[in-house]
Amino acid sequence: MSKASFLRSRWFEDIPVGEFHVFGSYTLSEQEMVDFGTSYAPQIYHTDPDAAMNTRYKGLIASNWHLCSIWMRLMVDYMEGYSLGVVDGRRNGAGLGFQDLKILKPVRPGHTLTFSHEIIDKAERILKNKWGVIKSRNEAFNHKGELVMTFTVDILAERNPDNLTK
Amino acid sequence: MKSSTPIYFEDLDKFATFKSDETTITAQEIRKYATQFDPQPYHTDRSAAEGSIFGGLCASGWHVCAIMMKLLSDVMAKEKIMLIGSDEVPSLKWKKPAFEGSKLHAELEFKGAKIEEADPDFGIIKCDVKILNQNQQLIMDVKTTLMIENRGSDSE
């Protein structure tokens, strides 16, 4: 069994608090930052490298939502299709929401970010007699090892049916 | 409070409310974002999505975040409020899926200053954002903060 299919095959009960993963690294290009900004975050410091020089950021920076989007992609890649589970009977579900998203350093073209993920809590509540809620702390570090982004996110994981009300 | 002159932090009504224009989210747009950032079947494949937890093709939650940013940016630009960033989102909840064809809009409510003098160049305002669909169903519920430029700052 591959690492990814092992991770996806576990029930809520099998996922230990304290488990730590590094999803991988990603280098942002100027073009993709401009593309994202043009579509979704049209401030000039996200869309125009020259005009951005005259803003408080002194150059182009990535949109916060672009960084979150990249986090999602690296998680999906790490899990090799992550929530495939919901379609074919395996066991990871949708996100419920996040807390305390903080952006601590600007991310510029050419910066390489490394994303980590730690399971920090498992909720007692059971949703729809099927799902548990896993809370993780997620962090992104830049090429200098500086923390640039942090948030916690709540994601559904399927409970072992043996433990549920029939 | 539509204005023809720029609104800086000092001038801002810190309890103002706004409603954005509506945007329709197409299957093509859902797939384009998902292919790049969230390639899970319920965001990329209509038939797989129909058998999923969601029951139909729907936008990635992070795609809805990006759409919120566009709607919010458009409101700030229209109102000439000098938004210069956001470095903290205390809470965001995905309440319902945004299915293909959904017409989404944002309702913004300023909740007062978080920090009056966060920096010589800007103040920070608390802002609740609700993303609603054409049936007034709550799709996403957000508590965010916005950095608004001070009058006389040299950040531009």
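Where in chain A is A:C68 placed? A:C68 sits in helix α5 of chain A, residues 64-78. This is a predicted model.

## A:C68 and its surroundings

A:C68 has 25 other C-beta atoms within 10 Å, so it is buried. The cut-off for that label is 20 or more. Leaving out residues up to four places away in sequence, A:C68 touches B:W62 and B:C65. Within chain A, A:C68 lies 45 residues from A:L113 in sequence. Their C-alpha atoms are 12 Å apart in space.

## Helix α5 of chain A

Is α5(A) enclosed or open? Of its 15 residues, 13 are buried, so α5(A) is largely enclosed by the rest of the structure.

The helix length also checks out. At 1.5 Å a residue, the 15 residues of α5(A) should span 21 Å. The end C-alpha atoms are 21 Å apart, which agrees. After α5(A) comes A:E80, with a positive phi near 50 degrees.

## Helix against helix

Two packed helices are described by the angle between their axes and the distance between the axes. Here the partners are α5(A) and α4(B). Their axes come within 10 Å and cross at roughly 170 degrees. Angles over 145 degrees count as roughly antiparallel. The helices α5(A) and α4(B) are therefore roughly antiparallel to each other.

Which residues meet? From α5(A) come A:W65, A:C68, A:S69 and A:M72. From α4(B) come B:W62, B:C65, B:A66 and B:M69. By class, this contact has seven nonpolar residues, one polar residue and no charged residues.

A:Y40 belongs to helix α2 of chain A, residues 30-40. A:Y40 counts as buried because 22 C-beta neighbours lie inside 10 Å.

Neighbours within four places in sequence aside, A:Y40 is in contact with A:S63 and A:W65 in chain A. In chain B, A:Y40 contacts B:A66, B:I67, B:M69 and B:K70.

## The contact between the chains

How many residues does each chain give to the contact? Chain B gives 32 residues and chain A gives 32 residues. On the side of chain B, the elements that give two or more residues are α2 (41-44), α4 (61-79) and β4 (88-94). The chain B side divides into 16 nonpolar, nine polar and seven charged residues.

## The nonpolar core

The largest nonpolar core has 88 residues. Those that touch the most other members are A:W71, B:V64, B:M68, B:L72, B:I131 and B:I148. The largest share of this core, eleven residues, comes from α4(B).

What does B:I148 touch? Residues up to four places away in sequence are not counted. Its contacts are B:Y8, B:F9, B:L12, B:I81, B:M82, B:L83, B:F122, B:G123 and B:I125.

## Chain B overall

Chain B has four helices and seven strands. From the N terminus on, its elements run β-β-α-α-α-α-β-β-β-β-β. The C-alpha trace of chain B spans about 55 × 25 × 25 Å along its principal axes.

Chain B has 156 residues, and buried residues make up 42% of them. Among chain B contacts with a separation of 6 or more, 69% join residues 24 or more positions apart.

Methods:
Residues are numbered from 1 along each chain as its sequence is written. Chains are lettered from A and ligands numbered from 1 in the order in which they are written. This is a predicted model: local features need pLDDT of at least 70, side-chain atom pairs count only at pLDDT 80 or more; totals for chains, interfaces and linings use all residues. Two residues are in contact if their C-beta atoms, placed from the backbone, lie within 7 Å. Ala, Val, Leu, Ile, Met, Phe, Trp, Tyr, Cys and Pro count as nonpolar, Asp, Glu, Lys and Arg as charged, and the others, Gly among them, as polar. A residue is buried if 20 or more other C-beta atoms lie within 10 Å of its own, exposed if 12 or fewer, and partly exposed in between; C-beta atoms are placed from the backbone. Axes are lines fitted to C-alpha atoms, for helices over the stretch in contact, and angles run from 0 to 180 degrees between N-to-C directions. Angles under 35 degrees count as roughly parallel, over 145 as roughly antiparallel, 65 to 115 as roughly perpendicular and the rest as oblique. The expected span of a helix is 1.5 Å times one less than its number of residues. A nonpolar core is a set of buried Ala, Val, Leu, Ile, Met, Phe, Trp, Tyr and Cys residues joined through C-beta atoms within 7 Å.
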